[in-house]
Each structure stands twice: as C-alpha cells, then as structure tokens.
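Dear colleague,

Please have it open beside you as you read.

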Amino acid sequence: MPETAGKNDEIVIVENLKKYFPIKGGLFGRNQGDVKAVDGVSFRIKRGTTMGLVGESGCGKTTVGRTLLRLTDKTEGTVLFDGQDVHALGREELRKLRPRMQIIFQDPYSSLSPRLPVGEIIGEAVREHHIVPEAEYEAHLDRIMASCGLMPYHKDRYPHEFSGGQRQRICIARALALNPEFVVCDEPVSALDVSIQAQIINLLKDLQQEFGLTYLFISHDLSVVEHISDTIGVMYLGNLVEFGTKRRVFERPLHPYTVALFSAIPTPDPDVRMNRVILEGSIPSPANPPKGCKFHTRCNRCMERCKTEAPRQREVEPGHFVTCHLYNP
C-alpha cells in the first residue's frame, strides 16, 4: 500500500477500505447483491498536506470521504486518524473526536439551514462541543469569520441573502470554528463560477498555512487538484488505480485511465495539439463490475490477463503506486 516518509507524521491511514451498499428486492426485501462503492482502497495522508482524490462521477470519491469521517459505516478495512481506529470508537469517544475531523460539502446552499442566521450556523457546534468559554464565544466567531472573508455583521443574515461564493465561505467558517486538524473538502468549488473557484481555492490554501490543516480534496477538476494538492489518488469504480506525489502523477501518469483523464485537460494555448484519449463506452455498474481489471472494458491497452485476473498495486518508482498489469510482471 502507499507509504510516505515519516510515518509518525501520517494523520490519516486507510487500509483496504470497503463500503458496500446492499440492494434490497423481492417480497421480503432480501439482499440481492451489493453496490461496491468503495472496494479495497488504501492510502496515507501526511499531516499538514493535501491529498487530491479524482475520478469520474460515481467512482466512490465522496463515499471514501464520508466513510473516513464515519458519517457512514464501513463494510471492511481500517481507518486510523492520529492513531485511533475511527470505526472502533464508542459513542462518547467519537463525539470527542468529531471537532478534529470536519467536512465541507459540495452544495453550499443545501448544506446550510435556511432557518438559522449565519452566526448560529457557524457557532452552534462551537457551543455544543465547548470549543471556547462563553465569554470568548463572540470573539472566536469574529476571528474565524474574518479569516474566511466574512464580516461580523453577516452573523445576523440568513443564507439566502448571500451569493454562492459567500455561502461556501460560511461552510468553511463552520468547519474551521471547531479548530479541526483534518478537513474533507467534497468538491467544494464545483457549484461555483470559475472566478469564484479561484478565490475559494486560494482561501483554502491560506487557511491551511494559517491553521496547519490537513485536507482530503475530492474533485473531478484536475486543474483545481493540481493547484492545491501535494499527493494525488485516482479512483475508478471503487478502486484506487494510481497514487503518488503531484509532480510524479502529472509528469508521468502510468495507468491508462489516468492518461485518459489527463488528456482531457484543456490547454489555453491554441497552437498546442492535444493527444486526446477517448474512452469507449460508459463506466460499468458498481453493482456488477467486470471480472479481472475493472477498467479492461474501456482500456485501449487491454491484455488477455486483464479480463480474468485483478491487478495488484505496485510501487513503480519511489512513492508512485499503480494498479495495472502493464507494470506487474
């Protein structure tokens, strides 16, 4: 599995994580199969860094993030946060851990209660978890809001009075108000205009420097991921097919799926000819994935063994892992 230098610095360790959703049917609602949303994913995130997780819609990126935070229970595998097994904690232990692990959701409007003013939205969990003494509550909110580009008078306004970019700043402030160490960013800019996306990405980078945060940044936009990430994982149909540092993955993508994804990145230079790799067909169903390598039905470099034998993960170069028969002898 992927390993990085300095194991003591690894705040998140994921080993063989699986999350299956049962398919119920028939008169008695019996289990007729499983949707294999996450099917054996392993990676590590070093403290104070950002891991980008990319892939097509439906590949399991969001499920990985939600399972890390135990917003949904795992089916199998291990999730360690700062040495603690997240899914083995009791109710009280998990409650104490919650402020240290936060999430920024994709849609900044539906994730905010329309009935609460911004001050209550940001401060509700601060009071619940006793993050600061009551006498310091207002000053704490003002400080966090200022870090996110919000003004004190915004506390009395409601979410519908803000633009999309401002609402996402509110969501970021809500997460930061609990003084977290690890934040899952679940496509936090995909619902925003391009100009606003840049502002939010720069804000996240600034906050990371200011508060020493660790991010799992989930996105399908490779340009955004390249700008913010230190390491990158590429997912396909529930599996991590490639993992490595940003420089290695972008300069030398190895898996055919990664190559196809990167070939679709637009270039601003009209004179540069792009060697676009067109993937045939659509992504298979995670409820009935192909045998062998899950990508073989769309791969232009498919071999016979790909159709029957699932590839193993291999470290092709230091810190660069790929799951493909092209690199397995």
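Two strands are taken to pair when DSSP finds at least two bridges between them, and that is the sense in which pairing is used below. Please bear in mind that this is a predicted model.

With that in mind, strand β7 (residues 182-186) and strand β8 (residues 214-218) run parallel and are joined by 5 bridges, and within this pair Val184 stands opposite Leu216 of β8. Both strands belong to an open sheet of 8 strands with mixed pairing, in the order β6-β7-β8-β3-β9-β10-β12-β11. Because β6 (101-104) and β11 (313-317) stand at the edges and have a single partner strand each, one side of each is left without a neighbour in the sheet. From one strand to the next, the twist averages 20 degrees.

Among the helices that pack on this sheet is α6 (residues 194-211), which touches β3 (50-54), β6 and β8, and whose direction makes about 160 degrees with that of β8. Helix α9 (residues 256-263) also packs on the sheet, where it touches β9 (231-236) and β10 (239-245), its direction making about 105 degrees with that of β9.

In their hairpin, which has 4 residues between the strands, Gly26 takes a positive phi near 85 degrees. Strand β1 also pairs with β4 (residues 76-81) in the antiparallel sense, over 5 bridges, and here Val12 stands opposite Phe81 of β4.

Note on methods: Residues are numbered from 1 along each chain as its sequence is written. This is a predicted model: local features need pLDDT of at least 70, side-chain atom pairs count only at pLDDT 80 or more; totals for chains, interfaces and linings use all residues. Side-chain values use heavy atoms; hydrogens and water are left out. Helices (H or I, at least four residues) and strands (E, at least two) are DSSP runs, numbered from the N terminus. Axes are lines fitted to C-alpha atoms, for helices over the stretch in contact, and angles run from 0 to 180 degrees between N-to-C directions. Contact means heavy atoms within 4.5 Å.
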